[in-house]
Amino acid sequence: MNEKTTNDHDLSVGSLTLGSRPALVIIDMSLGFTQPNSPLGGNFSAEVDNIKHLLEQFRARELPVLYTTVVYHNEHQASVFRTRLPDLNILQANSKWVQIDPRLMPRPNEPIVEKCWASGFFQTDLLAQLQTKKADSIVVVGLTTSGCVRATAVDGLQHNYPVFVVPQACGDRNLTAHNASLHDINAKYGVVLSLAELCHALTQL
């Protein structure tokens with residue numbers, strides 16, 4: 001799959017494929033981010049519905065599904081990040097805010113990876129989990145596009161995975177940042193595919 005970039009100043013991009021065993025990596029769809037009454041949250045009902053559709057597609061094909069959630073167990077974890085963004089401090093262990101939204105409830109064989117920073121890979125076992133599940137590409141969705149989705153997509157590439165991002169299954173409180181991040185991911189780090197395109201690609205595996 002080779003998506004054209006939309007700006008004459010972007011570099012040429014080559015083709016990437018889903019391989020034979022893509023993994024769906026669902027970023028930070030915890031109540032702290034999906035609930036409008038959270039200081040970190042917003043109205044992401046459409047994104048939840050689109051992720052549910054992807055979950056159905058991956059589960060039907062017995063493909064890997066993994067989740068991330070931000071959790072802080074003490075004041076020393078990611079202290080600079082939390083100083084810069086104090087609202088992150090609601091994401092305490094045993095708080096309801098770190099729980100995955102029940103509309104997207106993980107199954108027992110779908111790991112939840114705890115993280116403290118933006119990338120799902122940084123100081124976590126996400127890479128080991130992907131290797132154990134023999135994933136050969138990753139589809140990154142979730143919240144937020146300009147933050148943890150983008151960081152995970154970049155790190156996915158840096159771990160030598162083909163990365164795919166579905167815009168309808170990613171959300172951001174800032175639409176300008178959402179669109180700019182999708183452009184940058186598609187121009188450099190991975191492939192941005194619509195929900196319909198990604199689901200069609202799954203049928204070709």
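## Strand E2

Both faces of E2 are covered: Val65, Tyr67 and Thr69 are buried on one side, and Leu66, Thr68 and Val70 are buried on the other. Buried means under 20% relative accessible area, exposed over 50%, partly exposed in between (1.4 Å probe, protein chains only). E2 spans residues 65–70, and six of its six residues are buried. In a regular strand, side chains alternate between the two faces of the sheet.

## Basis of the model

This is a predicted model: local features need pLDDT of at least 70, side-chain atom pairs count only at pLDDT 80 or more, and totals for chains, interfaces and linings use all residues. Residues are numbered from 1 along each chain as its sequence is written, and side-chain values use heavy atoms, without hydrogens or water.

## The sheet

Six strands form an open sheet, ordered E3-E2-E1-E4-E5-E6, with parallel pairing. Strand E3 (112–115) and strand E6 (191–192) stand at the edges with a single partner strand each, so one side of each has no neighbour in the sheet. Strands (E, at least two residues) and helices (H or I, at least four) are DSSP runs, numbered from the N terminus. Two strands pair if DSSP finds at least two bridges between them.

## Pairings

Four bridges join E1 (residues 22–27) to E2. Ile27 has Thr68 as its bridge partner in E2. E2 and E3 also pair in the parallel sense, over four bridges. There, Val70 stands opposite Lys115 in E3.

Five bridges join E4 (residues 137–143) to E5 (residues 163–171). Leu143 has Gly171 as its bridge partner in E5.
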